[in-house]
Amino acid sequence: MELFRRSHRNVGLPPGTLPSPEAIPPGSVQVGYLQYDPEQVREGSSLDECLPEKGERPVCWINIDGLNDIALLDRLIQRLRVHPLVLEDIVHTHQRPKLEDYDDYLYIVVRMLDYDENQNELTAEQMSLVLGPNYVVSIQEFPGDFFDPVRGRIRLGKGRSRASGPDYLAYMLIDTVVDHYFGVLEKIGETIEDLEDRLLEHADPAQLHEIQILKRQMIVLRRAVWPLREVIAAMERADSKLIRRETSVFLRDVYDHTVQAIEAIESFRDVLSGLQDLYLSSVSNRLNQVMKVLTIIATIFIPLTFLAGVYGMNFRWMPELSWKWGYPVIWGVFLVVAIGMVIWFRRKKWI
Amino acid sequence: MELFRRSHRNVGLPPGTLPSPEAIPPGSVQVGYLQYDPEQVREGSSLDECLPEKGERPVCWINIDGLNDIALLDRLIQRLRVHPLVLEDIVHTHQRPKLEDYDDYLYIVVRMLDYDENQNELTAEQMSLVLGPNYVVSIQEFPGDFFDPVRGRIRLGKGRSRASGPDYLAYMLIDTVVDHYFGVLEKIGETIEDLEDRLLEHADPAQLHEIQILKRQMIVLRRAVWPLREVIAAMERADSKLIRRETSVFLRDVYDHTVQAIEAIESFRDVLSGLQDLYLSSVSNRLNQVMKVLTIIATIFIPLTFLAGVYGMNFRWMPELSWKWGYPVIWGVFLVVAIGMVIWFRRKKWI
Amino acid sequence: MELFRRSHRNVGLPPGTLPSPEAIPPGSVQVGYLQYDPEQVREGSSLDECLPEKGERPVCWINIDGLNDIALLDRLIQRLRVHPLVLEDIVHTHQRPKLEDYDDYLYIVVRMLDYDENQNELTAEQMSLVLGPNYVVSIQEFPGDFFDPVRGRIRLGKGRSRASGPDYLAYMLIDTVVDHYFGVLEKIGETIEDLEDRLLEHADPAQLHEIQILKRQMIVLRRAVWPLREVIAAMERADSKLIRRETSVFLRDVYDHTVQAIEAIESFRDVLSGLQDLYLSSVSNRLNQVMKVLTIIATIFIPLTFLAGVYGMNFRWMPELSWKWGYPVIWGVFLVVAIGMVIWFRRKKWI
Amino acid sequence: MELFRRSHRNVGLPPGTLPSPEAIPPGSVQVGYLQYDPEQVREGSSLDECLPEKGERPVCWINIDGLNDIALLDRLIQRLRVHPLVLEDIVHTHQRPKLEDYDDYLYIVVRMLDYDENQNELTAEQMSLVLGPNYVVSIQEFPGDFFDPVRGRIRLGKGRSRASGPDYLAYMLIDTVVDHYFGVLEKIGETIEDLEDRLLEHADPAQLHEIQILKRQMIVLRRAVWPLREVIAAMERADSKLIRRETSVFLRDVYDHTVQAIEAIESFRDVLSGLQDLYLSSVSNRLNQVMKVLTIIATIFIPLTFLAGVYGMNFRWMPELSWKWGYPVIWGVFLVVAIGMVIWFRRKKWI
Amino acid sequence: MELFRRSHRNVGLPPGTLPSPEAIPPGSVQVGYLQYDPEQVREGSSLDECLPEKGERPVCWINIDGLNDIALLDRLIQRLRVHPLVLEDIVHTHQRPKLEDYDDYLYIVVRMLDYDENQNELTAEQMSLVLGPNYVVSIQEFPGDFFDPVRGRIRLGKGRSRASGPDYLAYMLIDTVVDHYFGVLEKIGETIEDLEDRLLEHADPAQLHEIQILKRQMIVLRRAVWPLREVIAAMERADSKLIRRETSVFLRDVYDHTVQAIEAIESFRDVLSGLQDLYLSSVSNRLNQVMKVLTIIATIFIPLTFLAGVYGMNFRWMPELSWKWGYPVIWGVFLVVAIGMVIWFRRKKWI
């Protein structure tokens, strides 16, 4: 995992400077809009057809996947009369989740997370939302999203989805993102449980590295979820006229989900610390086992070897050597010493 | 213990979506009501008989054990004009304890805990309370509860139980749940003491795992009790007209109990950390003992074995071998070396 | 130390329920009163003589040692028109220190601590204070207290003791309790210093257990002192008309003492952690010493033993064996190898 | 790294005392000014030409590199009617970042950081800003800065740079400093990643020292960035009339960057703790390997050596010795014992 | 270091009780005053000459070194109409730094620290300040202070020293005390750096004890500096009419210095933790070295000794023994085994 990436323009450039085209990773840009009011839905991919007109209706949701077409973003931003610093934040991904209130529109940054179960890799993507009086612009870093259920609900016009304003649309998008966190948490939870099972069976140095990687994923998760809680709380407090009162109760619901995600993250951190303790203790326990075996073997045989050495000496006058029963007696002594040692170890609970 | 379970609808579903019938674990649903005013009590199991009419009296307590009959819950919720998000929270268990004020009614979530002494397992169950002007609906996850004493008090009409409003009933239910926490804490306290006794007698790697499990139970307890404190504090502050002033003093009492439970949990965490330290030190202490024995045996016999080896050499000219007293003298040397070593170890306080 | 004791009525009992007489540990109850105004003092043990009459004077201090005579407590409480929950808190000891303001009277719980130097045991006792307009009721768990100096001061009528109201009396009692904490802290400080001296001289596994016990005593101390600070701060803020302005400056003084006690406790915790580090390091240091001796003995003699073994072989053709100087030469080799090893160890700073 | 340097005048000197000329490290002082309004730019190095006249325009930016010429600083400070304590803080470097509001001017301290990749050394330099109604004075500790891009933008008069007031200039300077933090963080991030790679390959005691050094660099970074966040927040809150409302949105942008820097620092700290754990575990893992090899070799050969010793004894009557197959049989026994041991170790998963 | 000393009167004594003369450590008391207005200065040692008259001028600074002459203190306190609790706090040293506002005067406690470089001992002394409308009384625990520069400034009448009121004098005294903290911090910093150098060269168990002692000195420092910050902040907020507005800016300066001292202390704590880690790792690293040498020597020679033992057996039929090249061949085998082992160790990077 790369530890740190610059998240804004290079040193010394004036505010509002965009990265040069080469600095942006290549990839295609997908643009689409969805314009709806309670009666009808229009879809298309040409932004000009979906001009955010005056008034509250119809609501226009413009979704852009990919940041490569800066000219397009620039045109859009200028048409919506959005501050240039916003565009800078959109294209310099790795922002912290935040809510900026520009009176006429809100600029919201959230982080979309995904977890690759095969690689055990956590990927993060920045989504920028611009929420205006009759439009929502959602800009994602990479093509492909998980907003199809939201699109489906709008097309079908079920529930409040089409009857409510752009604030409810923004809620639905954020709610989808937060829901996805739970999927990520479930998968990480499974990874942790699997790691725990393997660790309890046989501790192995690679597992400590796995624990470290999981701990860093917790850092990434925290950095996505903790500030999001503040963002949603600020939206719920309805400081802005762009958030209708009836949306508050839904925001409180997402807020609860964010708090649950935070609690899960904190529990995972505790569990990971516990696993690290278990690992260390399991390793040191194995060392103890090894040492015990060495000690038992050595303390039994070292005295015996000494005795054998004694009767291997070549002194002329060693009466034991010429006794008839000398050899069987010495074997008896060997056995007595060895068995005595074993009994002593038993008493000490070492065997 | 499963580390994490999703506590709300699946990704992308609109707010208020209920789980499909198959997703709900099978089990029977028990429904009952208790309608009372200072003069009389009526009981039954048909909800239609206990329509919450206008006015403050009589108070109706509807208790539902089990979440399988969603149609029933839905009907009840609609009759009470409760927000659909509440029903969603009721059926998606694993909510955090919380208080939501919908002006006309309060929605309260608390977690009921139980501890199985044989399995040393902590089980948690979600109880939802809807507190209206003249009714309380309590919905539990599983059949079987510990509210019989409350029912008994209402039937007998002793004390304030029947003279007070639904807020006092809600207080009695929460108080019973919190009282139960103390039972759980007592049992866990005994488990910890028992573990400590065993640990001081003989440390054993399985104990570290037990400590880890107890630590996780502390996480579960904290997640049940910490937010509950906030819930009760919010009720006590009487932000809502549904909580009468005279109930406040009782809520303050439960609040105190919650704080005591929190303190007990925090102490247990400290004690568990202490046990872990004791375990690790006890294990390393045993390793030291083992090492000492090895060292003492080895350092006594290694030089002796060398000496025996020397006189086992076959050099033609080795005058000692032909001395008459050579053999007894070498035994004397053996003894002197061995006793010298033992005295030296004694001085070093190793024996 | 018992880890956890239930501090209130059993599950499911209505609020205000008192424990059954059998649940209360046996022991005699001592009752006494002291009624005073600036001119005179009356003492006795019959509560009926010391009826708190209307008005501010005379002040009546009723002291009860022991909780066994519930009927007596009940009668007293009813006469003073005190809320039944207060009596419940009085008899269910193990309350947290707290201040409850019932407008007409204040209910204060403090914990009296004592330290048995021989057993190194910390004992805690609950004292309840009911402070009314012209009375103070102090109820202690066990007979025997340390309030004789306060009684003496009142009898002699020195200083403000008799000229001030019941709030000053409550201050004097709390001040005496807090003063006693310092005695406890001094004794624990001596225990810690003694432990440290023993630890620096010779580390021993029992010491780790002592450290754990001291750490738990710190938990008990914290639970007595931290909330007391809040209690005194609340009294000092003079939220209640029962606390006169001129008593504030004295309460600020006790408040300072409480803060000092808290600082001492926190320092002790730090020192105890340091001792634990010292212990662990001292033990591992001794292991290192043992290992070094083993290594030095073994690495010196193992090669020598090998050499002796070589010349103990029975090959027919081994020219060294028949050399005249073979035996002295091999002893020279033994010495050279041994001395070389010793020099090498010296260089490595192992000896 | 020197742990602590005095950051203000010596003991007992009156406030406003400046260090004696010898106390200041020698080095040349570079002075320059840049006076601009939307129409034109003037540059020079004589401060007298750039007298900050009344009114808001033109804006004068005076930059001084080096603190040696105290007379010059003194003259400047007196001309701008700045409090003598400000000059004291300017020349006593090692101030904490802070904002002091003297109504007519703001005094801001920020710390400029640089990282030498070859030496892995973090250097810090104090920059003082005095922001008045129509001037900015920036005073740096050492010659050489990274403000050339700012100068370039003013000379070209692009964007707001020349149209805005001195508060925007102060913003540009602080923004440049904060941007530079990201460069430092990137380099430290690379150092950490490189260290991690080396550690995973082969742990080595010097690495622990490297980790300690990096941890101290984190302390230096934190001390530079944490208080800066407060400084910028205070500027953004626009407590002073010297900060125009339109500059706020830019300050919020730098604020975000500071928060990102803080998060990066905190993550680095976590990662460094993780590396330390990895190091310790890696070292203890290697010890385990060593112990295992020793144990395996010793436990295989110690019994064999004993057996060889037995048949090296010189007892007269040892029937095995005269058996024809005695020697091959004993080799068979050797092999059986050795192979048995190996199989046993395999089962225990030690090999 | 004594861990805990009682800092107030004994249990049960009424508030305002002073220690009996024997309880106070013997030592002479030095009294002196300095009375000044912008025109003149008077000095002397008889307190009666320096009666604080009505009005703001002249300012009288009374300094008392030593607490033995309680009669004198008592007389002074009564003349200034100071509350008896203040005198109690003055003579019971070991107060926490604090500010008490008695409307007519402020009572300030600060702790003066000194560091003995030879003994590496930190000594603390309590200074009490009573700040009235036209006087400052400073009472120190022991004779000898570091206020001569302040006296010098007043005598010379330089700067504001004589033109300002008693609040500026109190500022100068506190500033001098805080300046002295930096001297202490510098010396401790040097001690830590010296310890670190020694530790990196050769770790030694006594160093861990040194680290523990330094950690406790950090506790003493924190207890002196943290609350002082609050004291100065309270003075700066100018809650009292005794602190003039123009003194605020100077107090802000001392406040900054206090914050710097706190930051230095916190860094030292981090550095000390790092040193402890280094020590432990260095010790365990040395153990690893020792183990490696043992293992290498043992694993090389144990198999060789076994082989030598084999050919020391006395079996009648051992064909190798009678081969002519048997002896050289076995030496060859010895060499091959030994060199093979060494190569294997090299590959494993153990040598």
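**Interface between chains A and D**

A salt bridge joins Glu196(D) to Arg216(A), with 2.7 Å separating the closest N and O atoms. In total, 4 salt bridges are counted between chain A and chain D in this predicted model. Polar contacts were also examined: 14 residue pairs, with both residues at pLDDT 80 or more, are in polar contact between chain A and chain D.

On chain A, the side that touches chain D draws two or more residues from each of several elements, namely helix H2 (84-91), strand S4 (98-101), helix H5 (205-236), helix H6 (245-310), helix H7 (319-322) and helix H8 (326-347). Of these, H6(A) provides the largest share, 17 residues. Classified by residue type, the side of chain A that touches chain D comprises 33 nonpolar, 17 polar and 14 charged residues.

The contact as a whole involves 64 residues from chain A and 64 residues from chain D. The size of an interface is often expressed as the accessible area lost when the parts come together. For chain A and chain D, the buried area amounts to about 5,700 Å², and carbon and sulfur atoms account for 65% of this area.

The model has an ipTM of 0.76 and a pTM of 0.81. Chain A has a mean pLDDT of 85, with 91% of its residues reaching 70 or more. Where pLDDT is low, the predicted coordinates should not be read in detail.

Conventions:
Residues are numbered from 1 along each chain as its sequence is written. Chains are lettered from A and ligands numbered from 1 in the order in which they are written. This is a predicted model: local features need pLDDT of at least 70, side-chain atom pairs count only at pLDDT 80 or more; totals for chains, interfaces and linings use all residues. Side-chain values use heavy atoms; hydrogens and water are left out. Contact means heavy atoms within 4.5 Å. Buried area is the accessible area (1.4 Å probe) that two parts lose on being put together, summed over both. A salt bridge is a side-chain nitrogen of Lys or Arg within 4 Å of a carboxyl oxygen of Asp or Glu. A polar contact is a pair of N or O atoms within 3.5 Å; within protein, one must be able to donate a hydrogen and the other to accept it, and residues adjacent in sequence count only if both atoms are side-chain atoms. Helices (H or I, at least four residues) and strands (E, at least two) are DSSP runs, numbered from the N terminus. Ala, Val, Leu, Ile, Met, Phe, Trp, Tyr, Cys and Pro count as nonpolar, Asp, Glu, Lys and Arg as charged, and the others, Gly among them, as polar. pLDDT is the predictor's confidence in each residue, from 0 to 100.
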